[in-house]
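Here is a short briefing on one protein model.

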Amino acid sequence: MVVEESVNMHHYNTHNHSLEMADCDTPIGRTVKSALLRAQSESRVIVGLSAAINVLSKSPEGSLFCLMAVPKDGDSATHMHEVLLEAFCYENDIYVIKVDDATKLSRILGQESIESCCLVQKTWAGDQIEEHLNKAENQLVDYCEAHWDAPQHPIVQLPAV
């Protein structure tokens with residue numbers, strides 16, 4: 001199911017029709033929301049660009065996903081930070097998931113301010129030797145792996161909150 005959805009999302013994105021799907025509730029969008037809410041209940045979410053950069057500069061190996069909202073036009077300083085963050089994540093094998101809207105991302109996370117990104121930290125089994133992934137995280141890893149080498153990554157449509 002994830003592969004079929006990702007193929008459809010890639011098709012829309014490559015033809016610049018991703019905005020047509022902005023209000024659709026997609027299975028991968030619901031999976032992202034589920035993974036975020038579970039990680040947040042386990043205190044594994046780092047919210048905000050500055051906080052994410054700070055955590056990654058100290059221990060990038062502890063992060064599993066970096067979720068980034070599509071940047072708004074005109075804020076070049078934030079855009080540069082986000083581009084550098086994205087490159088750093090790829091360099092450190094952290095899955096980057098681009099989402100359609102910072103407001104929806106912030107609402108899912110229960111934030112009063114609008115945040116453009118967040119990190120989901122790994123869960124470790126035993127003595128921090130082996131990662132432990134829940135069902136939603138496994139589905140997101142599969143989704144990310146399917147698009148790892150793509151020249152342009154699809155934008156996940158988050159459900160309305």
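How do the residues of the lining of the largest cavity divide into nonpolar, polar and charged? Nine are nonpolar, two are polar and one is charged. The model is predicted. The points below start with that cavity and follow one of its strands into the sheet.

**The cavity**

- The count of cavities of 30 Å³ or more comes to one.
- The largest cavity holds about 90 Å³ of space.
- Its lining takes in Y90, then the run Y95, V96, I97 and K98.
- Y143, C144, H147 and W148 also line the largest cavity, as do H153, P154 and V156.
- K98 is the charged member of this lining, because Lys counts as charged and the lining has one charged residue.
- Two elements, β3 (95-99) and α6 (135-147), each supply at least two lining residues.
- β3 gives the most to this lining, with four residues.

**Strand β3 and its partners**

- Four of the five residues of β3 are buried, so the strand is mostly covered; buried here means under 20% relative accessible area.
- On one pairing, β3 runs parallel to β2 (residues 63-69), and five bridges join the two strands.
- Within that pairing, I97 of β3 is the bridge partner of L67.
- β2, helix α4 (residues 76-91) and β3 together make a β-α-β unit, and its hand is right.
- β3 also pairs with β7 (residues 155-156), again in the parallel sense, over two bridges.
- In this pairing, K98 stands opposite I155 of β7.

- Five strands form an open sheet with mixed pairing.
- Their order is β1-β4-β2-β3-β7.
- Why is one side of β1 (45-47) and of β7 left without a neighbour in the sheet? Both strands stand at the edges and each has a single partner strand, so one side of each has no neighbour there.

**The second largest pocket**

- About 210 Å³ of space lies in the second largest pocket.
- Its lining has 13 residues.
- V70, P71, K72, A102 and S116 lie nearest the centre of this pocket.

- S106 sits in helix α5 (residues 102-108).
- Is S106 buried or exposed? S106 is buried, because its relative accessible area is 1% and the cut-off for buried is under 20%.
- Leaving out residues up to four places away in sequence, S106 touches Q111, S113, I114 and E115.
- Q139 is placed in helix α6, one of the elements that supply the cavity lining.
- Q139 counts as partly exposed, because its relative accessibility is 26%, between the 20% and 50% cut-offs.
- Which distance separates the C-alpha atoms of Q139 and I28? They are 8.4 Å apart, while the two residues are 111 residues apart along the chain.

Conventions
Residues numbered from 1 in each chain as written. Predicted model: local features only at pLDDT ≥ 70, side-chain atom pairs only at ≥ 80, totals over all residues. Heavy atoms only, no water. 1 Å grid on protein atoms, 1.4 Å probe; cavity = no way out; pocket = protein on both sides within 12 Å on 5 of 7 lines; lining within 4 Å. Points joined across faces, edges and corners; volume = space filled by probe spheres on them. Buried < 20%, exposed > 50% of the residue type's maximum accessible area, 1.4 Å probe, protein only. Pairing = 2+ DSSP bridges. Right-handed = clockwise from strand over helix to strand, strands pointing away. Contact = heavy atoms within 4.5 Å.
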